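Open the structure in your viewer and keep the sequence panel at hand. We will go stop by stop, with something to select at each one.

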Amino acid sequence: MPDKTIVLVSELDDSTHGEIHVLAGAQEAAHLVETLLEAGFGRERLRVFAVDELELQITHRPVVALVGAGPPAPAPEAPSDTTEEEEEEEESQPHRKEPAAPRAKDVAIATAPYMRNGVRFSTLFRQA
């Protein structure tokens, strides 16, 4: 036995648009249809459906943010494994650290923009 009953009242000039009323049972739906018929709604404008609710699975698509042509935003710093004492020692020493070599991931992004694992970003979207 279906959980709910839906009454669809379509518009007079366009049957693809209208109002939907979700009701708890067939008796409520029958009462609503009687009321609508008495109010002057045509029989051809009314549809009644017995329905069960289905499971719903939601998947998220990538979100794209377009930004201005200015310099790229700085990447957040990774948490450090050093203690405060070690940091103070490093600051007091006059030697300079050499800049780190670019990571393979950064090089891959620079050489093939909008690509990951051989898949172009725009192909991940389907047309509606």
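What pattern does the protein chain follow, read along the sequence? It runs β-β-α-β-α-α-β-β. This is a predicted model.

**Stop 1: the whole chain**

Show the chain as a cartoon. Count three helices and five strands. The accessible surface comes to about 12,500 Å². Carbon and sulfur atoms own 55% of that area. Of the 128 residues, 9% count as buried. Contacts with a separation of 6 or more are worth a look too: residues 24 or more positions apart account for 48% of them.

**Stop 2: the three-stranded sheet**

Select strands E1, E2 and E3. They form an open sheet in the order E2-E1-E3, with antiparallel pairing. Strand E2 (18–23) and strand E3 (46–51) stand at the edges. Each has a single partner strand, so one side of each is left without a neighbour in the sheet. Neighbouring strands are turned by 20° against each other on average, direction ignored.

Which element packs on this sheet? H1 does, touching E1, E2 and E3. The direction of H1 makes about 20° with that of E1.

**Stop 3: the pairings of E1**

Start on the E2 side. E1 and E2 pair in the antiparallel sense over six bridges. Select Leu8 and find Ile20 opposite in E2. Then select Ser10, which stands opposite Gly18 in E2.

Select Ile6: the bridge partner in E3 is Phe49.

**Stop 4: the nonpolar core**

Show side chains for Val7, Val9, Leu23, Ala29, Leu32, Val33, Leu36 and Leu46. These eight residues make up the largest nonpolar core. Two elements give two or more residues to this core: strand E1 (4–10) and helix H1 (26–38). The largest share, four residues, comes from H1. In soluble globular proteins, nonpolar side chains tend to be buried together.

Now centre on Leu23, one of the core residues. What does Leu23 contact, leaving aside neighbours within four places in sequence? The list is Lys4, Thr5, Val7, Glu28, Ala29 and Leu32. Of these, Val7, Ala29 and Leu32 also belong to the core.

**Stop 5: Ser10**

Go back to strand E1 and select Ser10, which lies there. Is Ser10 buried or exposed? Ser10 has 8% relative accessibility, so this residue counts as buried; the cut-off is under 20%. Show the surroundings of Ser10. Leaving aside neighbours within four places in sequence, Ser10 is in contact with Ser15, His17, Gly18, Glu44 and Arg45.

**Stop 6: His17**

From Ser10, step to the contacting His17. His17 is found in the loop between E1 and E2. At 46% relative accessibility, His17 counts as partly exposed. Not counting residues up to four places away in sequence, His17 touches Val9, Ser10 and Glu11.

Which side chains make polar contacts with the side chain of His17? Asp14 is one, at 2.6 Å. Thr16 is another, at 3.1 Å.

How values were computed:
Residues numbered from 1 in each chain as written. Predicted model: local features only at pLDDT ≥ 70, side-chain atom pairs only at ≥ 80, totals over all residues. Heavy atoms only, no water. Core = buried A, V, L, I, M, F, W, Y, C linked by side-chain atoms within 4.5 Å. Buried < 20%, exposed > 50% of the residue type's maximum accessible area, 1.4 Å probe, protein only. Contact = heavy atoms within 4.5 Å. Pairing = 2+ DSSP bridges. Axes fitted to C-alpha atoms, helices over the stretch in contact; angles between N-to-C directions. Areas by Shrake-Rupley, 256 points an atom, 1.4 Å probe, with all protein chains shown as cover. Polar contact = N/O pair within 3.5 Å; in protein donor to acceptor, adjacent residues only side chain to side chain.
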